[in-house]
Amino acid sequence: MKCEFCNLSENDRKYFLYQNDYWDVYLADKQNYIGRCIIVCRRHCRDISDLTDHEWIAFKNLAAQLENIIRGSVGADLFNLACLMNDEYKKEKPNPHLHFHLIPRYSKLIKIGDKQFEDKEWSHHYNNKAPVLLENEEIEKFFIVLKKSSILSCAKIKAVHCELLF
């Protein structure tokens, strides 16, 4: 059965930020929440309960690192974490691949390029149908900021194996 995350195209990988031994991180191309990232298990894994202890520890360290990068880059106040995979089960033959959405939240206006953005859902639950806020040009600018911060962060953290791919 074909898996979306096991068969990513070059275009799907254009916002690849970095990886560790167990997880890949992408800036989501749908920026309905500024800085929303997708953390994808590098092996095909269907459920959270299938994760190994090593994968959990690596995920925790990676999520903390990513939160620090986004907080330092654009001042996120808190982060929501979602692992829903509901859409996959709408298919006739579901083949889920474990991934998480790390969703930064902002109590104040943030600026990307020349535009300011407001988290209109601040202090409310994550809305999967929220309108897209960043268009391609702003996504590109934000991706560069995060990529530079990722390089600096990986250089400072010795305890977590972090490999950057360019």
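1. Helices (H or I, at least four residues) and strands (E, at least two) are DSSP runs, numbered from the N terminus. On that basis, Leu51 lies in the loop between E3 and H1. The note concerns a predicted model, in which local features need pLDDT of at least 70 and side-chain atom pairs count only at pLDDT 80 or more, while totals for chains, interfaces and linings use all residues. Residues are numbered from 1 along each chain as its sequence is written, and side-chain values use heavy atoms, with hydrogens and water left out.

2. The sheet. Two strands are taken to pair if DSSP finds at least two bridges between them. By that criterion there is an open sheet of 5 strands with antiparallel pairing, in the order E1-E2-E3-E5-E4. E1 and strand E4 (78-82) stand at the edges with a single partner strand each, so one side of each is left without a neighbour in the sheet. From one strand to the next the twist averages 20 degrees; axes are lines fitted to C-alpha atoms, for helices over the stretch in contact, and angles run from 0 to 180 degrees between N-to-C directions.

3. Strand E1 (residues 16-19) is antiparallel to E2, with 3 bridges, and a hairpin of 3 residues joins E1 to E2. Within this pair, Gln19 has Asp24 of E2 as its bridge partner. On to strand E3 (residues 37-41), E2 pairs in the antiparallel sense over 5 bridges, and Leu27 stands opposite Cys37 in E3.

4. Pairing of E5. Strand E5 (residues 99-105) is joined to E4 by 5 bridges in the antiparallel sense, and to E3 by 4 bridges, again antiparallel. His101 in E5 stands opposite Ala82 and also opposite Ile38. Pro104 in E5 stands opposite Phe79.

5. Burial of E2. Buried means under 20% relative accessible area and exposed over 50%, with partly exposed in between (1.4 Å probe, protein chains only). Strand E2 (residues 23-27) is mostly covered, with 5 of its 5 residues buried.

6. Burial of E5. Because 7 of the 7 residues of E5 are buried, this strand is largely enclosed by the rest of the structure. One covered face holds His99, His101, Ile103 and Arg105, and the other holds Phe100, Leu102 and Pro104.

7. Nonpolar cores. A nonpolar core is a set of buried Ala, Val, Leu, Ile, Met, Phe, Trp, Tyr and Cys residues joined through side-chain atoms within 4.5 Å. The largest has 35 residues, and those with the most contacts inside it are Trp23, Leu27, Ile39 and Ile70. Two or more residues come from each of E1, E2, E3, helix H1 (53-74), E5, strand E6 (110-112) and helix H2 (136-156). H1 gives the most, with 8 residues. A second, separate core of 8 residues includes Cys3, Phe5, Phe16 and Val40.

8. Contacts of Leu27. Contact means heavy atoms within 4.5 Å. Not counting residues up to four places away in sequence, Leu27 touches Tyr15, Leu17, Gly35, Arg36, Cys37, Ile139, Phe142, Phe143 and Leu146.

9. Two loop residues. Gln31, in the loop between E2 and E3, counts as buried at 0% relative accessibility. Its side chain reaches the backbone nitrogen of Gly35 at 2.6 Å. With residues up to four places away in sequence left out, Gln31 touches Arg36, Val132, Leu133, Leu134, Ile139 and Phe142. Leu51 also counts as buried, at 10% relative accessibility. Its C-alpha atom is separated by 9.0 Å from that of Cys41, 10 residues apart along the chain. Leaving aside neighbours within four places in sequence, Leu51 is in contact with Trp23, Cys41, Arg43, Cys45, Trp56 and Leu98.

10. Cysteines. A disulfide is a pair of cysteine sulfur atoms within 2.5 Å, and a search of the whole structure finds 0 of them. For Cys83, the nearest cysteine sulfur is that of Cys45, 9.2 Å away. Cys83 is partly exposed, with a relative accessible area of 22%, whereas Cys37 is buried at 0%.

Terms used
Polar contact = N/O pair within 3.5 Å; in protein donor to acceptor, adjacent residues only side chain to side chain.
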